[in-house]
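User: Hi, I'm new to this one, could you walk me through it?

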Amino acid sequence: MITNILTQIIFYIFALGVIGSALMVVSAKNPVQGVLSLVLCFVAMAGIWILLHAEFLALILIVVYVGAVMTLFLFVVMTLNLDRSQLKRGLVSYLPFGLIIIIFIMIMLFYVVGPAHFGLAAYAAPTAQPANYSNVAALGTTLYSEEVYPFEIAGALLLVAMIAAITLAYRGRRNRKQVKIASQLAVCREDRIKLIGLPSEKKHEDTP
Amino acid sequence: MIALSNYLILSAVLFAISIAGLVLNRKNLISILMCIELLLLAVNTNFIAFADYLNNNLGEVFVFFVLTVAAAEAAIGLAIVITIYRNSHTITTEDLDNLKG
């Protein structure tokens, strides 16, 4: 019983953290503050995922998302010299639309996913796993046996994404004393030599 | 115990907030990317909740792939943002009208 109440308290604390920090992401004036709120949101959601017995994915969320992707966001936001007043133009004028969209989607989803269809009566709480159950082992068994082909495709996708990101952001080296063969071969004669037809002068014989 | 609907409502609220954020912050490319990350997080929470309550860890495997695609999307999106900023010194979406679309 005490575990039950404790679980509920933990769930609501993390849920409040997720929703509060998501609201801060949406309404942040400063982009850096927005990225940091997003980090908080991911960490709180990782807590919810641990409550859902997905320990490996929760740790992946923290290590990969907070550690790598959000750091990338932070680097980009800090590198770009953003004009804050420019970024927030028209936020107030769109606020009614945003609120209407929030209320509309929430009412719609509450009817669909509310306790009437997905309550404890319809879906009983999962039974506790035995003590020697390992989420990592179970996930790995599925991933490397049934889903090994999609797994390899995901690896190829990451490789393609890496090459694409490098190609997009790479400018080539500057000040390098290297022969550019392509530009040398592209030279044609007209670029280097200009032939000017000078009219030949006549010698004046009547001058003294 | 916590019902499945609690998790689903939590992710629905997160989804609605991030959709509204897409509408509100549509001037700023980086805010749009962050809202898309929130959107994917809400979807992933749905997958994990169902995977736990149905005792089937294929949902967790799917979350794994969604995380992969989201990481690739963030990397390429930020590279595009950097390239746009380098070329036109702004990432405000209404100033990016080079294609005259």
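What follows is a short chat about two chains of this structure.

Analyst: Gladly, and please keep in mind from the start that this is a predicted model.

User: Okay, chain B then: how many helices and strands does chain B have?

Analyst: Chain B has three helices and zero strands, and, read from the N terminus, its elements follow the order α-α-α.

User: What is the radius of gyration of chain B, next to that of a compact globule?

Analyst: For chain B the value is 17 Å, whereas a compact globule of 101 residues would come out near 13 Å. Along the principal axes, the C-alpha atoms of chain B occupy a box of roughly 55 × 25 × 20 Å.

User: And what share of the residues in chain B is buried?

Analyst: Of the 101 residues in chain B, 60% are buried. As for contacts in chain B with a separation of 6 or more, 62% of them are between residues 24 or more positions apart.

User: Switching to chain A, which residues make the nonpolar surface patch?

Analyst: That patch, of about 610 Å², is formed by A:Met1, A:Ile5, A:Leu6, A:Ile9, A:Ile10 and A:Ile13.

Notes
Residues numbered from 1 in each chain as written. Chains lettered and ligands numbered in written order. Predicted model: local features only at pLDDT ≥ 70, side-chain atom pairs only at ≥ 80, totals over all residues. Heavy atoms only, no water. Patch = residues over 30% accessible without salt bridge, like charges linked within 9 Å, V, L, I, M, F, W, Y side chains within 5 Å. Areas by Shrake-Rupley, 256 points an atom, 1.4 Å probe, with all protein chains shown as cover. Salt bridge = Lys/Arg side-chain N within 4 Å of Asp/Glu carboxyl O. Helix = DSSP H or I, 4+ residues; strand = E, 2+ residues; numbered from the N terminus. Rg over C-alpha atoms; globule rule 2.2 N^0.38 Å. Buried < 20%, exposed > 50% of the residue type's maximum accessible area, 1.4 Å probe, protein only. Contact = heavy atoms within 4.5 Å.
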